[in-house]
Amino acid sequence: MFFLVTQSSKVRVHPRQLSKPRAAAVADELNRKYANRILHNVGLCIRVFDILDVGDGLVHACLDGSYMTDVKFRMIVFRPFVGEILTGKVASSSVEGLRVSLDFFDDIIIPQPAMKPGCYFDKSTGAWVWPYTDDDTGDVTPLEIAKGEAIRFRVEGETFVDVPPPSLAAAAATAAAAGQPAAGAGAASAAAAAAAQPQPPPPQPLAPGDDVDVAPYSIT
């Protein structure tokens with residue numbers, strides 16, 4: 001579920017951070033830049049695990065005293081693997097399926113075809129119902145999957161959507177409203193529609209002895 005991923009980035013450290021140790025100041029800026037954000041084909045960034053290397057700082061005369069430096073670091077990333085069993089809470093229900101929350105990650109969808117056989121949506125209660133059959137007696141008990149109820153589910157796939165920059169998206173929307181093609185609109189539409197099952201090299205898993213607290217983070 002949680003992995004360590006090695007990344008490189010250029011960081012700007014503000015003068016107000018100069019009173020801190022250099023590694024702590026760089027880590028704070030990296031967390032501000034990456035925490036609670038999704039990297040395409042990587043996963044949801046939780047926090048910086050450690051700093052591997054910090055380059056020489058370069059102060060630009062036109063800036064406010066900040067310095068720029070190249071950093072190599074390891075980031076804790078949330079990315080469940082296909083086939084993993086997770087426990088979450090039902091966030092909402094509709095005829096299309098369930099949306100499940102892990103408290104810090106809410107973009108988990110269980111579509112109607114992936115529900116247990118026999119499940120049906122009760123429009124009067126707005127919840128899915130699983131008719132459970134007792135193996136010994138054969139009695140059928142309707143079990144309502146209510147909002148906020150904890151459920152276990154298996155990951156069947158993952159999808160990363162490449163969202164175009166706001167400027168391209170706005171230009172495409174304006175052109176569509178006017179009935180005219182916009183420059184870059186085709187590329188923006190293709191990027192917005194691109195959804196894949198990425199298979200990058202597996203990230204480095206956390207070692208059993210690593211002590212990491214990920215509770216304070218959530219998606220915004």
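This is a predicted model: local features need pLDDT of at least 70, side-chain atom pairs count only at pLDDT 80 or more; totals for chains, interfaces and linings use all residues.

Colleague: In what sense do strand 1 and strand 5 pair, and over how many bridges?

Modeller: Strand 1, residues 2-13, pairs with strand 5 in the antiparallel sense, over 12 bridges.

Colleague: And strand 3 with strand 5, over how many bridges?

Modeller: Strand 3 and strand 5 are joined by 8 bridges, also in the antiparallel sense. Across from Val 54 one finds Val 71 of strand 5.

Colleague: What about strand 4 and strand 5; how many bridges join them?

Modeller: Strand 4, residues 58-59, is joined to strand 5 by 2 bridges, and the two run antiparallel. Leu 58 is opposite Met 68, a residue of strand 5.

Colleague: Is strand 5 mostly covered or mostly open?

Modeller: Strand 5, which spans residues 67-78, is mostly covered, with 9 of its 12 residues buried.

Colleague: Let us step back to the whole chain. How many helices and strands are there?

Modeller: The chain has 3 helices and 15 strands. It comprises 220 residues, and 30% of them count as buried.

Colleague: What share of the contacts with a separation of 6 or more comes from residues 24 or more positions apart?

Modeller: That share is 62%.

Colleague: New topic: pockets. How much space lies in the largest pocket?

Modeller: The largest pocket holds about 1300 Å³ of space. Its lining consists of 38 residues.

Colleague: Which of the lining residues lie nearest the centre of the largest pocket?

Modeller: Those are Ile 108, Ile 109, Ile 110, Phe 153 and Arg 154. Among the elements that give two or more residues to the lining are strand 3 (43-54), strand 8 (108-111) and strand 12 (150-154). Strand 6 (85-94), strand 11 (140-145) and strand 13 (160-161) are also elements of that kind.

Colleague: How does the lining of the largest pocket divide by class?

Modeller: The lining has 24 nonpolar residues, 10 charged residues and 4 polar residues.

Colleague: Now some single residues. Where is Asn 31 found?

Modeller: Asn 31 is in helix 1, which covers residues 22-34.

Colleague: Why does Asn 31 count as buried?

Modeller: The relative accessibility of Asn 31 is 19%, and the cut-off for buried is under 20%, so Asn 31 counts as buried. Leaving aside residues up to four places away in sequence, Asn 31 touches Arg 47 and Val 48.

Colleague: What is the phi of Asn 36?

Modeller: Phi of Asn 36 is near 65°, which is a positive value in a residue other than glycine. Asn 36 sits in the loop between helix 1 and strand 2 (38-39). With a relative accessible area of 23%, Asn 36 is partly exposed.

Colleague: And what is the phi of Asn 41?

Modeller: Phi of Asn 41 is near 65°, again a positive value in a residue that is not glycine. The loop between strand 2 and strand 3 contains Asn 41, and at 32% relative accessibility Asn 41 counts as partly exposed.

Methods
Residues are numbered from 1 along each chain as its sequence is written. Side-chain values use heavy atoms; hydrogens and water are left out. Helices (H or I, at least four residues) and strands (E, at least two) are DSSP runs, numbered from the N terminus. Buried means under 20% relative accessible area, exposed over 50%, partly exposed in between (1.4 Å probe, protein chains only). Contact means heavy atoms within 4.5 Å. On a 1 Å grid over the protein atoms alone, a cavity is a set of points where a 1.4 Å probe fits but cannot get out, and a pocket is an open set with protein on both sides within 12 Å along at least five of seven lines; lining residues have an atom within 4 Å of a point. Grid points are joined across faces, edges and corners, and a volume is the space filled by probe spheres set on the points. Ala, Val, Leu, Ile, Met, Phe, Trp, Tyr, Cys and Pro count as nonpolar, Asp, Glu, Lys and Arg as charged, and the others, Gly among them, as polar. Two strands pair if DSSP finds at least two bridges between them.
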